[in-house]
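Have a look at the structure first.

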Amino acid sequence: MRSRDLRRLIVLDFDGVLLDTERTGIDVWRDLLGDGPPQARGALSVRTDGTLDRDALRRDLAGTLGRRRTRALWSEFERRNRARADQLDARPGVRPFLAHCRERGHRLAIASGNGRDWVEGHLHRLGIRSAFHSVHCAGPGVRTKPAPDTYLGALRACAPAGPCSGLLAVEDSYAGLAAAGTAGLPAVWLTDAPDSALPPGPVARRVRALDELIGTV
């Protein structure tokens, strides 16, 4: 039964939630560093939530290889990562979840720490851009997570005009969970991490695929 008071505003992260680019990026760096100078192979920095700590990686590579070689290596990463990401389909469970949300009348938005060209390009390639009311990305004047800027932008743009049963965020990273919390949204943690891995704060639920939320939203 559909009813306006059952509709939600659901804000989704992009990388790691809709497309498995977090894992892909780590794999690309492992290949690059495995083929590269021996002194750089220990620089890969993966957080316990399974996301890449790019700031730490860039800092460690610059300290080991120098800025010039780091820039060249980073450019090669971007090239390989784009090529591999362009072959990915949406994560399992994404399309059924989007269909469910459309049927229930939920309003969806994206809050991403990545650039707009990256996010919008993949959404159009996957054929799912029309599922989202708006897309909010880090960029000039919009801080990346854990700052709440992208979530606050989604709330301003997408606040339901009528009654709404609540707000929800879906995130895969610690930084994203913190951003959603600061913006005042309860968050679902989408993760393949072992049960022993704990989020940095309270979460509404923990799932391995988006379609696990069907029946609860």
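Leaving aside neighbours within four places in sequence, S134 is in contact with L108, A109, I110, R129, A157 and C158, where contact means heavy atoms within 4.5 Å. This is a predicted model, so local features need pLDDT of at least 70, side-chain atom pairs count only at pLDDT 80 or more, and totals for chains, interfaces and linings use all residues. Residues are numbered from 1 along each chain as its sequence is written, and side-chain values use heavy atoms, with hydrogens and water left out.

S134 sits in strand β3; helices (H or I, at least four residues) and strands (E, at least two) are DSSP runs, numbered from the N terminus. Is S134 buried or exposed? With 10% relative accessibility, S134 counts as buried, since buried means under 20% relative accessible area, exposed over 50% and partly exposed in between (1.4 Å probe, protein chains only). The side chain of S134 also makes a polar contact of 2.6 Å with that of H136. (A polar contact is a pair of N or O atoms within 3.5 Å; within protein, one must be able to donate a hydrogen and the other to accept it, and residues adjacent in sequence count only if both atoms are side-chain atoms.) S134 and H136 point one way from β3, V135 and C137 point the other way, and all are buried.

Now for the sheet. It is open, with 6 strands in the order β3-β2-β1-β4-β5-β6 and parallel pairing. β3 and β6 (205–207) are at the edges with a single partner strand each, so one side of each has no neighbour in the sheet. From one strand to the next, the twist averages 20°. Two strands pair if DSSP finds at least two bridges between them, and two of the pairings look like this:

| Strands | Sense | Bridges | Residues opposite each other |
|---|---|---|---|
| β1 (residues 8–12) and β2 | parallel | 4 bridges | L12 and I110 |

(Axes are lines fitted to C-alpha atoms, for helices over the stretch in contact, and angles run from 0 to 180 degrees between N-to-C directions.) In α5 (residues 116–126), the buried residues are W118, V119, E120, H122, L123 and L126. Their cover includes α1 (21–35), α3 (67–85), α4 (94–104), β2 (107–112) and β3 (134–137). Just after α5, G127 has a positive phi of about 75°.

What about α1 and α3? Their axes come within 9 Å and cross at roughly 135°. That makes α1 oblique to α3, because angles under 35 degrees count as roughly parallel, over 145 as roughly antiparallel, 65 to 115 as roughly perpendicular and the rest as oblique. Residues of α1 that meet α3 include W29, L32 and L33, and among those they meet in α3 are L73, W74 and F77.

Two other spots are worth a glance. A62, in helix α2 (residues 54–65), is partly exposed at 27% relative accessibility. Beyond its neighbours within four places in sequence, A62 is in contact with R67 and T70. P146 lies in the loop between β3 and α6 (149–158), and the peptide bond from K145 to P146 is cis, with omega near 20°.
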